[in-house]
Amino acid sequence: MFPSQFDYVVAASVEEAIAAKAEGGDETRFLAGGQSLLPMMKIRLATPAKLVDINRIAGLDHMERADGHLRVGALVRHAQLVASGDTLGVMASAAPWVSDPLVRNLGTLCGSVAHCDPEGDWNSVLLATGADVVARGPGGERTIPIGSFIRGPFTSALADDEMVTEVRIPVPQDRSGGAYLKLERKVGDYATVAVAAHLVVAGDGTIGEAGVALTSVGPSNVKVTAAEQVLVGQPPGEELFAEAAELAAAAAEPRSDVRGTADWKRQVVRTYTRRALTAAAAEAMAQAS
Amino acid sequence: MEVTVTVNGAAHTGEVEPRLLLVDHIRRVVGLTGTHIGCDTTSCGACTVLVDGTPVKSCTVLAVQADGRSVTTVEGLKTNGQLHPIQEAFSAEHGLQCGFCTPGMMLVGAALIEQNPAPSDEEVRWAISGNLCRCTGYMNIVKAIQAAAGAAAPGEDQ
């Protein structure tokens with residue numbers, strides 16, 4: 001299989017990439033890892049007229065802490081996130097579950113975020129941690145909270161001439177923990193169901209911040225605000241987590257398919273939410289306050 | 001677009017269409033058919049090659065992306081007429097049955113032992129988890145990669 005014809009340009013800088021994208025509009029796509037885009041082009045689900053290859057732009061593979069955030073550049077591959085000691089909590093937990101080792105050598109976090117596949121893992125992690133997406137266009141840079149960035153299946157808030165240059169994940173000051181629990185039929189398959197949980201424990205032992213998000217059980221990654229609200233201000237505990245898990249199960253919109261029935265997936269959401277919150281709390285509590 | 005891709009140490013320069021996949025470039029233009037096309041959907045890993053030493057699925061990389069890069073295929077494992085330790089080990093440990101997944105398995109194994117000279121069972125299984133063996137001969141593949149790691153380790157008796 002091979003894609004339909006397209007023009008190919010290599011961008012030497014972000015400015016050059018944006019200019020090339022602006023010229024072609026929505027018929028032009030950026031090529032980073034290509035691990036979602038190229039398969040879609042091969043089966044002709046995507047038929048861009050032009051690809052702008054950003055892989056040779058220097059300075060986009062940075063991963064650094066600044067202003068209370070971990071900043072991950074557009075060319076940081078999943079494999080770097082697996083190997084890095086800078087990824088924490090739910091992010092560190094999710095990284096090894098993204099696709100398979102070979103795909104992780106090329107695919108990027110920013111590309112996955114921009115792709116907005118409801119079955120993608122990273123957008124749940126970003127929703128749970130309250131991350132921001134940095135987009136650059138001809139007029140400059142803007143920071144978009146992940147909740148407003150995701151507009152729907154394969155649809156983001158990016159304008160036709162904007163590029164995701166960085167994702168910023170908050171690094172909590174207080175004790176924190178997280179877990180990404182993913183049920184998959186085999187390595188490399190999409191999640192049947194996955195749950196991202198993120199907890200920050202305040203000095204008084206109550207939950208200061210909570211994030212719960214779901215993968216593969218809705219038209220987009222689902223942020224479970226009701227569960228988050230129930231958790232904040234309470235001390236971590238089994239009953240509390242069971243209550244949050246009920247709310248997560250209620251918020252899920254699973255569909256019956258080859259991976260399982262909707263009812264069963266909802267039950268997995270319930271169980272995984274409880275387990276992920278328990279693991280997140282254990283990680284947070286193990287740290288010195 | 002004119003590209004130069006170094007395959008197993010030899011530079012190949014030529015005009016390619018942007019949509020030509022790296023695996024097709026290797027098989028049809030360079031003429032090395034050891035790199036297999038299995039699923040052609042980024043799942044099976046039969047098309048694995050090393051690009052600048054990193055294993056990737058060459059059915060999901062464009063040939064133009066490899067311009068200026070160095071590609072190693074299974075044919076490049078052997079040097080100066082000597083089989084690579086991973087090839088010796090796959091032979092000695094019966095690490096293959098039909099052989100279709102073998103080029104990919106050996107390249108992933110070779111890349112792993114470069115990084116990790118004594119991989120555990122778990123680490124080998126983890127490394128090859130993007131490569132499918134439909135004969136299900138995983139036990140001996142894992143053994144072969146570990147044996148190769150032992151053979152490749154410096155200072156050990158060979």
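1. His94(B) sits in the loop between α2 (85-92) and α3 (102-115) of chain B. Helices (H or I, at least four residues) and strands (E, at least two) are DSSP runs, numbered from the N terminus. The phi of His94(B) is positive, near 55°, in a residue other than glycine. His94(B) counts as partly exposed because it has 13 C-beta neighbours inside 10 Å. The classes are buried (20 or more other C-beta atoms within 10 Å of its own), exposed (12 or fewer) and partly exposed (in between), with C-beta atoms placed from the backbone.

2. On provenance: this is a predicted model, in which local features need pLDDT of at least 70 and side-chain atom pairs count only at pLDDT 80 or more, while totals for chains, interfaces and linings use all residues. Residues are numbered from 1 along each chain as its sequence is written, and chains are lettered from A and ligands numbered from 1 in the order in which they are written.

3. Arg44(A) also has a positive phi, about 65°, although it is not a glycine. Arg44(A) lies in the loop between α2 (37-42) and β3 of chain A. With 11 other C-beta atoms within 10 Å, Arg44(A) is exposed. Most residues other than glycine have a negative phi.

4. In helix α1 (residues 14-24) of chain A, the buried residues are Ala17(A), Ile18(A), Ala20(A) and Lys21(A). These cover an arc of only 160° around the axis, so they lie on the same side of α1(A); the arc is that of the directions from the helix axis to the C-beta atoms. The buried residues of α1(A) pack against β1 (7-10), β2 (28-31), β3 (50-53), β6 (132-137) and β10 (163-170) of chain A. Gly25(A), with a positive phi near 65°, follows α1(A).

5. The largest nonpolar core has 86 residues, of which Ile54(A), Val195(A), Ala197(A), Leu199(A), Ala248(A) and Val269(A) touch the most other members. Such a core is a set of buried Ala, Val, Leu, Ile, Met, Phe, Trp, Tyr and Cys residues joined through C-beta atoms within 7 Å. Helix α11 (residues 262-285) of chain A gives the most to this core, nine residues. Leaving aside neighbours within four places in sequence, Val195(A) has contacts that include Leu181(A), Ala248(A), Val269(A) and Ala276(A). Two residues are in contact if their C-beta atoms, placed from the backbone, lie within 7 Å.

6. Another core, of 51 residues, lies apart from the one above and includes Cys47(B), Val74(B), Ala127(B) and Ile145(B).

7. Glu238(A) belongs to helix α10 (residues 238-251) of chain A. Glu238(A) is exposed, with 11 C-beta neighbours inside 10 Å. Its C-alpha atom is separated by 9.1 Å from that of Leu277(A), 39 residues apart along the chain.

8. Chain B is assigned domain 1 (2-76) and domain 2 (85-152); the bounds come from an automatic or database domain assignment. The centres of the two domains of chain B, taken over C-alpha atoms, are separated by 21 Å. Domain 1 of chain B gives 16 residues to the contact and domain 2 of chain B eleven. On the side of domain 1 of chain B that touches domain 2 of chain B, β3 (48-51) and β4 of chain B give two or more residues, and β3(B) has the largest share, three residues.

9. The contact between the chains takes 21 residues from chain B and 21 residues from chain A. Strand β4 (residues 54-57) of chain B gives four residues, the largest share of the side of chain B that touches chain A.
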